[in-house]
Amino acid sequence: MDNTIKLKRGLDLSLAGGADSDAPVRTPAINKVSVNPDDFPGFQPRMLVKEGDSVSAGAPLMCCKRHPEVTLCSPAAGTVTAIVRGERRKILRVEVTIGNSNDTIRHTIDSSSAQSIRTTLLAGGLWAYMRQRPYDIVPSPEVTPRDIFITAFDSAPLAPDLMTVAGGTQAELDAALKALAMLTTGKVYLSTRSDFRLNVCEPAVHVTVDGPHPAGNPGIQAANIAPVNKGETIWTLDIVTLMRIGRLILTGTADYATTIALTGSEVITPCYIRAIDCAQIKPLVSGDIKDDHRHHRIISGNVLTGSNVGIDGFLRYPYRQITVIPEGDDVDEFMGWASMSPSKLTASRAFPLSALRRRFAPDARILGGRRAMIMSGVYDKVLPMDILPEYLLKAIQARDIDRMEQLGIYEVAPEDFALCEFVDPSKIEVQRIVREGLDYLRKELE
């Protein structure tokens, strides 16, 4: 069964520094990885290893206090060299120095029942790579989802081709879709662009999505296919995780290798890099950043939702893109944020030369001061969901649970509001507000 969805609302940012499909591929040496539990909302970490322990690839490093069967695993074999803690001994990250060993945890696979599939995903460490709505958290192993939504493309600025990142085969796709279909009482939806290269087998439902960003977000796809209501639960994931599930089922090993795109206006030659999840940033970008005497912001992810990690940081979930742009703190510009320079990226057609189709190289400045929310309707133009985003944000800030429920908080995630934050004339941290609202709601209701 094939369906087509055409989304009109949204915005594609035309940025310089994209990696073409035929871009060169590098394979740098990676010496260290770091698993960050903050990348997995809802996961309350409890350490299973200590500094100095040797671990195999796929070995659990920490488990969830609430659901001990949910684990975060080491993406590579090596030695635990640091457990970094913050205030009140909060676990910030676990660093593993990669050794010469290729030891990998192998699992006995039984795909005959839903419980055995669930056990396989939990043991392989891939459970935490999925997300549950409501709350946009790691799924609870105790809950059966109404439906499962999978996105096969990323529409974010400078995002790589997810099929290049996933590197999967038809057999892996079929095995994963059949396995996930056993975990839900409803349907498994796989949303793709029209040029998807593999066949989508039953019982999955193939949906073709056409439209600008955020069309690639699984939550946006779910909202336009079968929205989640109060009392319902859905799961979302991308095709990279889907292919890893298929690989785990077919081979018995969890594969944490990945291909990331090195992008951005400050990259000499945008390219693809073969790496592993949680890899150290420095060897990945070494020699590829322009020596233009400007301060650089190195982002793990895209410019809308990524994390500012710096040269000494590590890849952050979802581990598929690095973006390098100017920081902007060393710019001496006439009239500052009020400048009418045609080199500025804008979503407004009233701005000079905004109609010209050119690629922009913006820096990290917000270009203006924060102020009270302006009810201008700009959010509605870039959010293809049947909700009132401005009123939802006000309800979240007021901590009005009834209004939050009425305005659709159960079907949203921070990433869905990334464009709202970009076009917002008030410079409000919209994604942070949504994350705080979801956490507050979960704390009050669970």
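**Exercise 1.** State whether Y391 is buried, partly exposed or exposed in this predicted model.

*Solution.* Buried means under 20% relative accessible area, exposed over 50%, and partly exposed in between (1.4 Å probe, protein chains only). Y391 has 42% relative accessibility, so Y391 counts as partly exposed. Y391 lies in helix α8, residues 389-397; helices (H or I, at least four residues) and strands (E, at least two) are DSSP runs, numbered from the N terminus.

Residues are numbered from 1 along each chain as its sequence is written. In this predicted model, local features need pLDDT of at least 70, side-chain atom pairs count only at pLDDT 80 or more, and totals for chains, interfaces and linings use all residues, while side-chain values use heavy atoms, with hydrogens and water left out.

**Exercise 2.** Classify I5 as buried or exposed, then find what I5 touches.

*Solution.* I5 belongs to strand β1, residues 2-6. Its relative accessible area is 16%, so I5 is buried. Contact means heavy atoms within 4.5 Å. Not counting residues up to four places away in sequence, I5 touches V207, T208, V209, D210, N224 and I225.

**Exercise 3.** Compare the span of helix α3 with the expected one.

*Solution.* The expected span is 1.5 Å times one less than the number of residues. Helix α3 (residues 170-181) has 12 residues, for which 16 Å is expected. From first C-alpha to last, α3 reaches 17 Å, close to that value. Its buried residues include L173, A176, L177 and L180. Among the elements covering the buried residues of α3 are α1 (114-123) and α5 (239-251).
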